[in-house]
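Have the structure open as you read.

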Amino acid sequence: TNFTGAYTALTDSADVDRDASMVGIRVGKTFKNAKLSPTITLWFDSLSGTDDSDAAGGDWGTFDTLLDTGHKFYGFMDFYLNGQGAGTDHLGLQDFAIKTKWKLSDVNTFKVDFHHFQTQTALDDGDSDTLRTNDSNFGSVSTGTINGDLGQEIDVTLVHKYDSNTKIVAGYSHYFSTQAFSIMRQGDNNLNDDSDWMYVMLDTKF
């Protein structure tokens with residue numbers, strides 16, 4: 001792991017206990033009598049990460065989603081698919097999202113999702129100083145100069161029901177990058193460019 005240089009308690013040969021958790025909350029409402037019958041869902045997921053106190057005590061605090069299906073949950077651009085939590089350097093993930101769906105017609109559905117991502121382990125206080133100091137991506141980034149804000153993603157989707165067995169799906173996504181995100185991805189806090197993604201998909205059931 002990235003943490004073995006920070007604490008001997010987390011070496012590959014050590015007896016490490018897993019102390020991790022996940023919390024998910026969904027609150028939604030469909031307004032059937034309103035125009036376009038909008039559905040609005042408030043969404044929160046928190047996947048625990050490892051911090052200094054975990055590592056010093058020989059605990060692994062990073063939640064493992066095992067057979068990960070993150071594409072369905074944590075944005076269509078798939079920045080957080082790693083089942084073992086390496087997508088955030090094992091510092092956990094929190095996803096605050098608003099997901100909406102609008103029925104344009106009997107055959108057309110429009111969807112807009114907004115995600116705000118951040119690490120579950122704090123980066124701007126003393127919770128992860130030793131771990132980050134020994135992480136080659138963070139290097140000398142000091143406490144107080146960076147926070148756990150990983151950025152935001154917007155996913156826009158149009159679904160056209162061509163017939164009873166076939167759907168045509170088109171989408172556009174944009175990721176608003178941050179310093180913490182670029183450091184975890186590239187190890188360089190100067191690589192802060194946003195990302196765009198577009199697709200068209202034909203979905204047929206036989």
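Leaving aside its neighbours within four places in sequence, which residues is Ser195 in contact with? In this predicted model, the partners of Ser195 are Met77, Phe79, Ser173, His174 and Tyr175. Ser195 itself sits in strand E9. Its relative accessibility is 24%, so Ser195 counts as partly exposed; the cut-off for buried is under 20%. Ser177 is 18 residues away from Ser195 along the chain, and 7.6 Å separates their C-alpha atoms.

Now for the chain as a whole. Three helices and nine strands make up its elements, and from the N terminus they follow the order β-β-β-α-β-β-β-α-β-β-α-β. Some overall values are collected here.

| Property of the chain | Value |
|---|---|
| Residues that count as buried | 38% of 206 residues |
| Contacts with a separation of 6 or more that join residues 24 or more positions apart | 61% |
| Accessible surface | about 11200 Å² |
| Part of that surface belonging to carbon and sulfur atoms | 53% |

The volume of the largest pocket is about 600 Å³. It is lined by 23 residues, and Phe76, Lys111, Asp113, Thr157 and Val159 are the closest to its centre. Strands E3 (39-47), E5 (93-103), E6 (108-118), E7 (149-161), E8 (166-176) and E9 (195-204) are the elements that each give two or more residues to this lining. Sorted by class, the lining holds nine charged, seven polar and seven nonpolar residues.

Definitions and conventions:
Residues are numbered from 1 along each chain as its sequence is written. This is a predicted model: local features need pLDDT of at least 70, side-chain atom pairs count only at pLDDT 80 or more; totals for chains, interfaces and linings use all residues. Side-chain values use heavy atoms; hydrogens and water are left out. On a 1 Å grid over the protein atoms alone, a cavity is a set of points where a 1.4 Å probe fits but cannot get out, and a pocket is an open set with protein on both sides within 12 Å along at least five of seven lines; lining residues have an atom within 4 Å of a point. Grid points are joined across faces, edges and corners, and a volume is the space filled by probe spheres set on the points. Helices (H or I, at least four residues) and strands (E, at least two) are DSSP runs, numbered from the N terminus. Ala, Val, Leu, Ile, Met, Phe, Trp, Tyr, Cys and Pro count as nonpolar, Asp, Glu, Lys and Arg as charged, and the others, Gly among them, as polar. Buried means under 20% relative accessible area, exposed over 50%, partly exposed in between (1.4 Å probe, protein chains only). Contact means heavy atoms within 4.5 Å. Accessible areas come from the Shrake-Rupley method with a 1.4 Å probe; for residues, only the protein chains shown count as cover.
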